[in-house]
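Here are my notes for your review. Please read them with the model open beside you.

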Amino acid sequence: MSKTSRRNLIAGAAGVAGATLLAKQYDLIPPDAAGIYGCGHTLTYAAQRLLIGSANAREFKPSQITKVPHQKGSPPKAPEYRQLQANGFKEWTLQVDGLVASPAAFSMDQLKNYPKSTQITQLICEEGWSYIAEWSGVPLAHILEVAGAQPNAKYVVYYSMDKRIEAIDMDEARHPQTLVAHCMNGGDIPVGHGGPLRLRAPRQLGYKNRKFLTRITLAESLDNFPMNYKYSWYAGI
Ligand SMILES: Nc1nc2c(c(=O)[nH]1)N[C@H]1C(S)=C(S)[C@@H](COP(=O)(O)O)O[C@H]1N2
Ligand SMILES: [Mo]
């Protein structure tokens with residue numbers, strides 16, 4: 001987008017209606033735009049996407065890693081999870097489907113053999129706490145490439161063993177810091193932090209960083225997914 005169009009959008013922000021129109025023009029209407037908070041969600045998403053673009057989340061030094069990181073919630077109660085855990089998560093798979101050329105189930109071994117990226121980043125919960133940790137895993141962009149993401153895919157919807165569902169747009173999905181993480185602080189991801197597999201999107205708030213990742217579906221729209229919009233769909237920091 002040109003500098004002029006950016007300026008236009010920012011100027012438009014003075015009037016919500018104007019900004020919403022411009023956001024629409026640039027395809028920056030978030031999927032939870034409807035309802036009372038709609039205008040606010042649209043402004044946050046459009047403004048962040050245009051101003052921040054592909055900026056990286058801040059990275060930290062090893063000495064800054066939090067000694068005892070906060071663990072939120074408990075591991076999935078499903079017997080299936082316990083069985084997989086008892087076998088060292090060797091049988092865990094990541095299903096990739098939807099708008100891809102080759103739907104597939106990736107094993108942990110396969111994922112561990114893909115290119116690996118490491119980052120020391122902060123996980124920030126909307127409740128007001130945070131921690132810094134090292135994460136390693138496969139860039140989600142690589143998995144999208146292997147599976148053959150179709151050009152009409154607009155969202156990556158993801159599922160976890162505890163049935164929670166989340167989604168990010170393709171910009172976030174292809175951002176080099178967005179990982180399908182299988183390592184935390186140099187070892188396997190502990191169960192308390194989402195082992196064996198977690199979506200790590202350090203530019204997004206905690207709740208977008210789903211633990212116990214089981215499935216990724218590419219979609220053109222979120223209309224037919226049971227999304228939970230308790231929090232804003234776009235959680236850029
Ligand atoms: N599957 C799953 N992932 C989840 C959650 C959850 O309840 N289930 N909670 C989210 C929220 S709100 C936060 S803040 C982080 C907390 O991660 P932590 O336990 O590593 O601190 O996990 C996120 N990922
Ligand atoms: Mo959170």
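**Notes on the predicted model**

1. The side chains of E172 and Q204 are joined by a polar contact of 3.2 Å. Keep in mind that the model is predicted. The distance is therefore a computed value from a predicted model.

2. Where does E172 sit? E172 belongs to helix α7, which spans residues 170-174. E172 counts as buried because its relative accessibility is 1%, and the cut-off for buried is under 20%.

3. With neighbours within four places in sequence set aside, E172 is in contact with R49, T178, R203 and Q204.

4. Now the ligand. Ligand 1 sits in the largest pocket. How many residues surround ligand 1? The count is 20, and the closest are H70, K72, Y131, H193 and K211.

5. Next, M108. M108 lies in helix α5, residues 108-113. Is M108 buried or exposed? M108 counts as buried, because its relative accessibility is 6% and buried means under 20%.

6. What does M108 touch? Not counting residues up to four places away in sequence, M108 touches F89, W92, H182, P196 and L197. L197 is 89 residues from M108 along the chain, yet their C-alpha atoms are separated by 8.5 Å.

7. For the chain overall, the secondary structure comes to 7 helices and 10 strands. The protein chain has 237 residues, of which 48% count as buried.

8. Among contacts between residues at least 6 apart in sequence, 66% join residues at least 24 apart.

9. Last, the surface. The accessible surface of the protein chain comes to about 11,600 Å². Carbon and sulfur atoms account for 54% of that surface.

Conventions:
Residues are numbered from 1 along each chain as its sequence is written. Chains are lettered from A and ligands numbered from 1 in the order in which they are written. This is a predicted model: local features need pLDDT of at least 70, side-chain atom pairs count only at pLDDT 80 or more; totals for chains, interfaces and linings use all residues. Side-chain values use heavy atoms; hydrogens and water are left out. Helices (H or I, at least four residues) and strands (E, at least two) are DSSP runs, numbered from the N terminus. Buried means under 20% relative accessible area, exposed over 50%, partly exposed in between (1.4 Å probe, protein chains only). Contact means heavy atoms within 4.5 Å. A residue is near a molecule or strand if one of its heavy atoms lies within 4 Å of it. On a 1 Å grid over the protein atoms alone, a cavity is a set of points where a 1.4 Å probe fits but cannot get out, and a pocket is an open set with protein on both sides within 12 Å along at least five of seven lines; lining residues have an atom within 4 Å of a point. A molecule sits in a cavity or pocket if more than half of its atoms lie within 2 Å of its grid points. Accessible areas come from the Shrake-Rupley method with a 1.4 Å probe; for residues, only the protein chains shown count as cover. A polar contact is a pair of N or O atoms within 3.5 Å; within protein, one must be able to donate a hydrogen and the other to accept it, and residues adjacent in sequence count only if both atoms are side-chain atoms.
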